[in-house]
Amino acid sequence: MEFVEWQEDLMRELVKKGLPREDLFSVMLVLTKEEKGKKMLASLRESGVLTPDEIREMAGRIAFAED
């Protein structure tokens, strides 16, 4: 499976934020749509230090938002 550019960028940002590997997969699974993935990426870049719980919560809010 190959990732597209936004997915690679999101993975890099999640790693930079210190998200554990097992959580990376969970976040990437719920953010499969490009617009939601890019929204998550922008939110991560705008935020300061986040805990893994805060990152997972953010991903859930974005993934399941009715846009």
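**Reading the salt bridges**

Q: Is Arg-45 buried or exposed?
A: With a relative accessibility of 52%, Arg-45 counts as exposed, where buried means under 20% relative accessible area, exposed over 50%, and partly exposed in between (1.4 Å probe, protein chains only). This is a predicted model, in which local features need pLDDT of at least 70 and side-chain atom pairs count only at pLDDT 80 or more, while totals for chains, interfaces and linings use all residues. Residues are numbered from 1 along each chain as its sequence is written, and side-chain values use heavy atoms, with hydrogens and water left out.

Q: How many salt bridges does the structure hold?
A: Side chains of opposite charge can pair when their charged atoms come close. The structure holds seven salt bridges, each a side-chain nitrogen of Lys or Arg within 4 Å of a carboxyl oxygen of Asp or Glu.

Q: Which residue forms a salt bridge with Arg-12?
A: The partner of Arg-12 is Asp-9, with the closest N and O atoms 2.5 Å apart. The two are three residues apart in helix α1 (residues 5-16), and so are separated by about one helical turn; a helix here is a DSSP run of H or I, at least four residues, numbered from the N terminus. Arg-12 is partly exposed at 49% relative accessibility, whereas Asp-9, at 16%, is buried.

Q: Which residues are linked with Glu-13 in a network of salt bridges?
A: The network links Glu-13 with Lys-16 and Arg-45. Between Glu-13 and Lys-16, the closest N and O atoms are 3.5 Å apart; Lys-16 is exposed at 66%, while Glu-13 is buried at 9%. The side chains of Glu-13 and Arg-45 meet at 3.8 Å, N to O. Because Glu-13 lies in helix α1 and Arg-45 in helix α3 (residues 34-46), this pair ties together parts that are 32 residues apart in sequence.
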